[in-house]
Amino acid sequence: MYIIIYDFGTSSVKTCLFEIDSEIKLVAKSNKEYGLYVSDDGGAEQDIEEWWEAICSTTKDLFVNTDVKPEQIEGLAFCSQMQGVVLVDENGNALRPPMNFMDQRAVKEYKDCMGRGLIKVSGFSLYKALRNLKVNGAGPASAKDPVWKYKWVENNEPEIFNKIYKWLDIGDYLLARCTGKIVRTTDTAFVSFLYDTRKGKEGWNKGLLKMYKVKPEHMPDLIECTDLVGGLTSEVAKDLGLVEGIKVFGGGGDTTFVNIGAGCTTPGDTHIYIGTSGWVSTFMDYQTFDISVLMTGLLSAKKGYFNYLAELETAGKCIDWALEHIALDEVNIYSEESKMTDVDGNDINYFDYLESVVAKVPPGANGVIFTPWLYGNRCPFEDSKAGGMYFNLSINNEKKDLLRATLEGVCYHYRWMLECSMKKTKTSGPIRFVGGGSLSSMLCQMLADITGRTIETVDNPREVGATGTAIMVAAGIKKVDMLELSKQLVKVNRTYIPNVENKDTYDKNYKVFKQLYKANKSNFHKINS
């Protein structure tokens, strides 16, 4: 069978055509970027029509160089960024530009509600925190969380707020546009932190809605990620170049389906993801949380299961930043006048060339340590004021030291989150490493060395969320168990064993790395207030 999945990220959509039979094959893919509009007041918005144009053009691209025909497509779904806010009218039309998960304008709304109270935990009211934890094991502990975006619109754009029919996340809006049905998947409902995860009480929690003064009528009907929502409408089918009536499934968020695409579907299986952001996640058949490090069990794609997750706000983004701002002169890969080619005139992959430069630097980056908090941080501490730094520079350091330190800093933070995970659950022996950064064999080995864990990779790691979503759709059409189907289809392609010779150096630097935030917290706040 043929399935289309839209992997809808922060800055682009990857539209993937999968063939699923006895194995899963990525037949074709097309990528298109769209804007992220950041304002000086902390806003981060996107454009609905840019999204739609990207979806339409990439869908049509799939059929240009393949023999597959639109009428052969049996199902589709979205795997999208989460914790956005899309406010719609009764026809599903967006009332204002969508607010991205990075939007942090609602500092006042957060402080007015959660900053009050005699006793506080991690900066927010203990009473309200305990109410949230009792209901769903989590809470809106950041000004970036969706409920504060919703409240920001209420306080700053009342004329728009008064027109709201329903409050959706990004994937839910796209689902509504394709089917005409305004619903919300349970996983995106959960990350609003207004959803009740207790067995037998699943759904919007009336007490939390009242506590945060959210209008119950704004909350959509809920569906499971695995539910069949309906068929593609004739108007949308025409836009996409597809056939009316194609089955559209609920889908959900990126963190929801990556474990499925990574083949981590037995309780205790752990994976590490590196894209723009990053996380450490363990698949579990029960929910737990640890407020001390701001970790909780997010809803999985299958009801009754959870992904116990620790998030790093900027992971692969740190590597991109270093390439753009540090590698420019020394590695010379962004200069159009001197395009890199090998002896045969073939273009050289920029990351491969970067690896060859970084490989000349010994483990420990000649004493330089990087902190990957370029847009604040989530776990094990929540602080939007935290910043990135290169610590312990000397006159002897070169740019290549900073480049290696960037990679190591991201890995140090993964180790920190992994150790936090282990306080509440047993993580798996081999760990699956997925996302675009896992294509780098150097980074895979570095992660193994720094964490002391065996690291495994899989095929098509950039599309691992889309792969998991495709497996869900295939399981729905075939009426088989999604978790079992994932185990059958997802195979390990490479394994990396920790190099014990690097352990002492990395352990020493890691101890310093963990102290850098505490030592500089007050300075971050003085500069970034």
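Helices α10 and α16 are roughly perpendicular to each other (angles of 65 to 115 degrees count as such). In this predicted model, α10 and α16 (residues 464-478) pack at an angle of about 80°, and their axes lie 7 Å apart. Axes are lines fitted to C-alpha atoms over the stretch in contact, and angles run from 0 to 180 degrees between N-to-C directions. Helices (H or I, at least four residues) and strands (E, at least two) are DSSP runs, numbered from the N terminus.

In the contact (heavy atoms within 4.5 Å), α10 supplies Phe257, Val258, Ile260 and Gly261. Helix α16 contributes residues including Val464, Ile471 and Met472. The contact holds six nonpolar, five polar and no charged residues. Ala, Val, Leu, Ile, Met, Phe, Trp, Tyr, Cys and Pro count as nonpolar, Asp, Glu, Lys and Arg as charged, and the others, Gly among them, as polar.

The whole structure was searched for cavities, and two of 30 Å³ or more were found. A cavity is a set of points on a 1 Å grid over the protein atoms alone where a 1.4 Å probe fits but cannot get out; lining residues have an atom within 4 Å of a point. Points are joined across faces, edges and corners, and a volume is the space filled by probe spheres set on them.

Two or more lining residues come from each of α7 (186-190), α10 (254-261) and β21 (295-299).

Residues are numbered from 1 along each chain as its sequence is written. Local features need pLDDT of at least 70, side-chain atom pairs count only at pLDDT 80 or more, totals for chains, interfaces and linings use all residues, and side-chain values use heavy atoms, without hydrogens and water.

How values were computed:
1 Å grid on protein atoms, 1.4 Å probe; cavity = no way out; pocket = protein on both sides within 12 Å on 5 of 7 lines; lining within 4 Å. Parallel < 35°, antiparallel > 145°, perpendicular 65-115°, else oblique.
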